[in-house]
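The following dialogue takes up how one reads a model from its overall confidence down to its packing. Please keep the structure in view while reading.

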Amino acid sequence: MSYKNLYKIFGVLWRVVPNAIYGNDIFGPYCPNCKTDLKYHSLNEAKCDHCEKAFKLPHSQGVTKKQAYRRYQASVRSGYPVVSLDTPPTKVKAYSEDKNYFIRAHMTQKDGRRIAVVYVGEKSKKQSKKDYSHIFIDLDQQQIRYDTTNKMPDEFLTALVCEFKNNTTSTRFKKSSKDKRK
Ligand SMILES: [Zn+2]
């Protein structure tokens, strides 16, 4: 973010400039039309001398400024990835197979959410992405998703049932046309 940016917060403009001691200083509010400094003429109203327009602000000058700065900081942080340290590190991993099929599962996290990743599919000599499904079970959003670049689960499973703490998500697949052809 450039310190030449003006940020519109609460309908008026603000500027944030780096400060060697405190990190940042926030200046404003400025008129959103002509960028003139607004002057508070009552507790929560500021006026532009140039446009003669008045702007309602949520609080008194000092509090509004602090809130505007907090909004600015939140917007700076909005793109940061979230890594959850609340979730204890886990070594849950499972693998099972027989002559024809295999299933592998492990726990991971994405954007701070706990995700169980399951691979299930058919063994083949030239193993490819289309031999198995790649299923994501989002424990925090209580959702099941699939990687569509892999085999779709409805091509070889009849149902997927996931029992979450607060709800049960179950997907019963229709018999696919591929099965009928066999
Ligand atoms: Zn103005």
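**Reading the model**

Q: What is the mean pLDDT of the chain, and what percentage of its residues reach 70 or more?

A: This is a predicted model. The mean pLDDT of the chain is 87, and 94% of its residues reach 70 or more.

Q: Which element of the chain has the lowest mean pLDDT, and which the highest?

A: Where pLDDT is low, the predicted coordinates should not be read in detail. Among the elements of the chain, the lowest mean pLDDT, 47, belongs to helix H2 (residues 177-181), and the highest, 97, to S1.

Q: How many helices and strands are in the chain, and what does its C-alpha trace span?

A: The chain contains 2 helices and 13 strands. Its C-alpha trace spans about 80 × 40 × 35 Å along the principal axes. The radius of gyration is 28 Å, whereas a compact globule of 182 residues would have one near 16 Å. Of the contacts between residues at least 6 apart in sequence, 20% join residues at least 24 apart.

Q: In what order do the strands of the open sheet lie, and which are the edge strands?

A: The open sheet has 3 strands in the order S1-S2-S3, with antiparallel pairing. Strand S1 (7-9) and strand S3 (23-30) are the edge strands, each pairing on one side only. From one strand to the next, the twist averages 40°.

Q: How many residues has the largest nonpolar core?

A: In soluble globular proteins, nonpolar side chains tend to be buried together. Here the largest nonpolar core has 11 residues, among them Ile9, Trp14, Cys31, Leu57 and Ala68. Its largest share, 4 residues, comes from S2. Apart from this core lies another, of 5 residues, including Val120, Tyr132, Ile135 and Ile137. Across the chain, buried residues make up 13% of the 182 residues.

How values were computed. Residues are numbered from 1 along each chain as its sequence is written. Two strands pair if DSSP finds at least two bridges between them. Axes are lines fitted to C-alpha atoms, for helices over the stretch in contact, and angles run from 0 to 180 degrees between N-to-C directions. pLDDT is the predictor's confidence in each residue, from 0 to 100. A nonpolar core is a set of buried Ala, Val, Leu, Ile, Met, Phe, Trp, Tyr and Cys residues joined through C-beta atoms within 7 Å. A residue is buried if 20 or more other C-beta atoms lie within 10 Å of its own, exposed if 12 or fewer, and partly exposed in between; C-beta atoms are placed from the backbone. The radius of gyration is taken over C-alpha atoms; the globule rule is 2.2 Å times the number of residues to the power 0.38. Two residues are in contact if their C-beta atoms, placed from the backbone, lie within 7 Å.
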